[in-house]
Each structure stands twice: as structure tokens, then as C-alpha cells.
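Thanks for making the time this morning.

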Amino acid sequence: MMGVVSLDRTELKQRAWAAAASVPDPEVPCVTVADLGILRSVDIVDGVAVAKVSPTYSGCPATQFIEFAIESALREAGFDARIERVLSPAWTTDWITEEGKEKLRAYGIAPPQKSS
């Protein structure tokens, strides 16, 4: 019975991740919050999808909008949702996925190089 419960939880986590990860960045809509690496994780805690999100910088004006969009995407996918803002470690452009860098390139933005 334990295996079925963990499988269900795994499937729920995957569905919740997919919903949250599909949210586009409001300033550069060719990339998602997952592409940028600002969506840190999504877990299921006591039946609630908990998404951990890091802003690109501490004063980013889009942070609350992004958090609301992720919460809305999770709710539309049928989850009770909670967003947790994670400030440490601070986001870095190194977290942008390779797919995200390709999308930025195709959009006409030179993606950042890996920091040393």
C-alpha cells in the first residue's frame, strides 16, 4: 500500500510542477519561471501544493505578480496552493536552464554566460 501512496504523491508533485513551471515570465514571456530557475521546487505538504520561488533580485517589481500567477496556475490545475519566497541563496543567472538560454537567444536576447 505504501508504494501506491508514494506513487500518487509523486504523480501529484509532477502535475503541480508542470502547472507552476508553465507560467511565463511577465517581462520576457518567451521563457517560463522554470526556464529562469526562479521556480525552485514544488512539493505537496498536507494536501497543499507548496511552490518555492526566488525573485531575480530583491527589489524586482514583478515578484508578487509572478507569485500570484504561479498560485493561480496551481489552483487552476486543481490544487490548494501556497507560495513561499526563498531569498537565500540568492538567484543567479547560472540557474537559467539550457532550454531557457536557447529561448532567450531565439527571442533576440543574448543569454548570460556562466559565472566563474
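I will go through a helix, a loop residue, the cysteines and a pocket, in that order.

Please keep in mind throughout that what you see is a predicted model.

Let me begin with helix H4, which spans residues 98–107. Which residues of H4 are buried? They are Gly 100, Lys 101 and Leu 104, and because they cover an arc of only 100° around the axis, they sit on the same side of H4. In general, an α-helix has 3.6 residues a turn, so residues three or four places apart point the same way. The face of H4 turned away from that buried side carries Glu 98, Glu 99 and Ala 106, which are exposed. As for what covers the buried residues of H4, the cover includes H2. Just after H4 comes Gly 108, and there the backbone takes a positive phi of about 100°.

From there I turn to Thr 32, which is found in the loop between helix H1, residues 2–21, and helix H2, residues 33–36. Is Thr 32 buried or exposed? With a relative accessible area of 15%, Thr 32 counts as buried, since the cut-off for that class is under 20%. Leaving aside residues up to four places away in sequence, Thr 32 touches Ala 21, Ser 22, Val 23, Pro 24 and Asp 25, and also Lys 103.

Now to the cysteines. How many disulfides does the structure hold? The number is zero, and for Cys 30 the reason is distance, because the closest cysteine sulfur, in Cys 60, is 16 Å from the sulfur of Cys 30, too far for a bond. Cys 60, likewise, is in no disulfide.

As a general point, rolling a probe the size of a water molecule over the atoms shows where empty space is left. The largest pocket is lined by 15 residues, and those that lie nearest its centre are Asp 25, Val 28, Leu 36, Thr 56 and Trp 91. By class, that lining is made up of 11 nonpolar, two polar and two charged residues.

Conventions:
Residues are numbered from 1 along each chain as its sequence is written. This is a predicted model: local features need pLDDT of at least 70, side-chain atom pairs count only at pLDDT 80 or more; totals for chains, interfaces and linings use all residues. Side-chain values use heavy atoms; hydrogens and water are left out. Helices (H or I, at least four residues) and strands (E, at least two) are DSSP runs, numbered from the N terminus. Buried means under 20% relative accessible area, exposed over 50%, partly exposed in between (1.4 Å probe, protein chains only). Contact means heavy atoms within 4.5 Å. On a 1 Å grid over the protein atoms alone, a cavity is a set of points where a 1.4 Å probe fits but cannot get out, and a pocket is an open set with protein on both sides within 12 Å along at least five of seven lines; lining residues have an atom within 4 Å of a point. Ala, Val, Leu, Ile, Met, Phe, Trp, Tyr, Cys and Pro count as nonpolar, Asp, Glu, Lys and Arg as charged, and the others, Gly among them, as polar. A disulfide is a pair of cysteine sulfur atoms within 2.5 Å. The arc is that of the directions from the helix axis to the C-beta atoms.
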